[in-house]
Amino acid sequence: MTLRQALLSGLAVLGMAGSALASPAQDLFDQATFLIGFYYNGPAKVPHFRELRRQYQPELQRLCATEGDRCGFDKARRVIERIVQDIADPFTMLLTRDQLIDDQRYGAGLGPAAPWVGVWVRETPRGLVVSEAFPGEPAYEAGLRRGDLITQVAGQPATLARLSAAEAARNAFSLSYTRQGTARTVTLTPRVAGATMQPRLEINNNTAYLRVYHLYSSENYSTAQRIHDAARQAEQAGARGMIVDLRDALTGYDSEALLSAAAFIGRGGFIYDRRFEGQDETHTVENGKLYVQPEGEEKEEQSALERPYLARIPLVVLVNRNTFNSAEMLAYFLQAAGRARVVGEPTAGALGMSGSAEGPLINGEFIAVSSLRMRNLDGSPFPLKVSPDVVMEDDLEALVTGRDRILERALEMLR
């Protein structure tokens, strides 16, 4: 444990010591409000943790009125969710155990832990529009593709809730969908995902298409390395342009976003601007190596890619309103360096902030807090979201008819 970790641990204990700790709910509430009120450094106005407690304590007392010292974590969780909702900062959120497990699996190069059929969907009044069908998963093997409209799940009108319930039941179920007006029905059996969320490269008509789903990594897997490999493969295959599709992409690690961008910009970096004086960190990348320099200390190598590559291929990046956090950073690094033009919708709005692992909760969940402001190497702040060079709506109605207008625009730009 470093001196800083010891200090933070002591602060956490101090932060919880102010209450009577009369119930599990109170313990969890005190811990979460301390972490939010002490570390928050994002764009919202969040009071000091003691004031935060005073503001929301009456709500907890109301929920626990009939249970006393037996009041459980679930009551505190409702109040914490309310606090997060009131802050309205997209990065600050309460993460469940299942979400934490999924994050670990993404870092290992795998898909989510719970059985699924392997589609991402967007809910509309007409049904569920498939925004991604993952090759190798049940839905893809049964014939579903991006742009299909799911109309029924197990004989009922298709909703996201019904699809999630059918997957959670783990039994075979019927799924009806249309493709440009042609109706089809298949039977799907959910299963745990394999390695189907790693970057996927396709090369057609001298254009490379790289789909990136997240930016997680681990000791044995790196999304950034897969992106470097894809860039090398595209150029060696003679591709004259590349599209990097980050629409609906999840978050990941900021360092992995920077290493991924290095496949196209070579070098770059950012500064973690912490709330506490003397705690800033500068992260830079060069020749596939990531360096970290705490304020007032020497620069040290933190990690390195095994096969770094610098591609010169023309680049267009696709984003939408669901492109989130570290995925936003990848788009921003490429855009800010003048290396790529960005097409699509303004992104989710979690670009200018980040957080460190200071939020494990006593109920096994995690509170992610915007504790780090992101700055460029010249000290200027990151924007809160990526503003595309060409703004276009992610048109689901057009997608159902077989047209991906954002992708079409990107292809025109490369030509």
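The structure is a predicted model, in which local features need pLDDT of at least 70 and side-chain atom pairs count only at pLDDT 80 or more, while totals for chains, interfaces and linings use all residues. Residues are numbered from 1 along each chain as its sequence is written, and side-chain values use heavy atoms, with hydrogens and water left out.

The average pLDDT (the predictor's confidence in each residue, from 0 to 100) is 93 for the protein, and 94% of the residues score at least 70. Over residues 1-18, pLDDT stays under 50, and the model has 17 contacts beyond four places in sequence for this stretch; contact here means heavy atoms within 4.5 Å. Where pLDDT is low, the predicted coordinates should not be read in detail.

Next comes the sheet. Helices (H or I, at least four residues) and strands (E, at least two) are DSSP runs numbered from the N terminus, and two strands pair if DSSP finds at least two bridges between them. An open sheet of 6 strands has the order E8-E9-E12-E17-E18-E22, with mixed pairing. Strand E8 (200-204) and E22 stand at the edges with a single partner strand each, so one side of each has no neighbour in the sheet.

Within this sheet, strands E9 (residues 207-211) and E12 (residues 241-245) are parallel and share 5 bridges, with Thr207 opposite Gly241 of E12. Strand E17 (residues 315-319) runs parallel to strand E18 (residues 341-344) and is joined to E18 by 4 bridges; Val319 has Gly344 in E18 as its bridge partner. On pairing with strand E22 (residues 390-391), E18 forms 2 bridges in the parallel sense, and Val343 faces Val390 of E22.

Two helices lie across these strands. Helix H8 (residues 223-236) lies across E8, E9 and E12 at about 10° to E8, whereas helix H12 (residues 405-414) lies across E9, E12, E17, E18 and E22 at about 165° to E17. Axes are lines fitted to C-alpha atoms, for helices over the stretch in contact, and angles run from 0 to 180 degrees between N-to-C directions.

Finally, helices H2 (residues 24-39) and H3 (residues 49-63) have axes that come within 9 Å and cross at roughly 145°. Residues making this contact include Phe29 and Phe34 of H2 and Leu52 and Tyr56 of H3.
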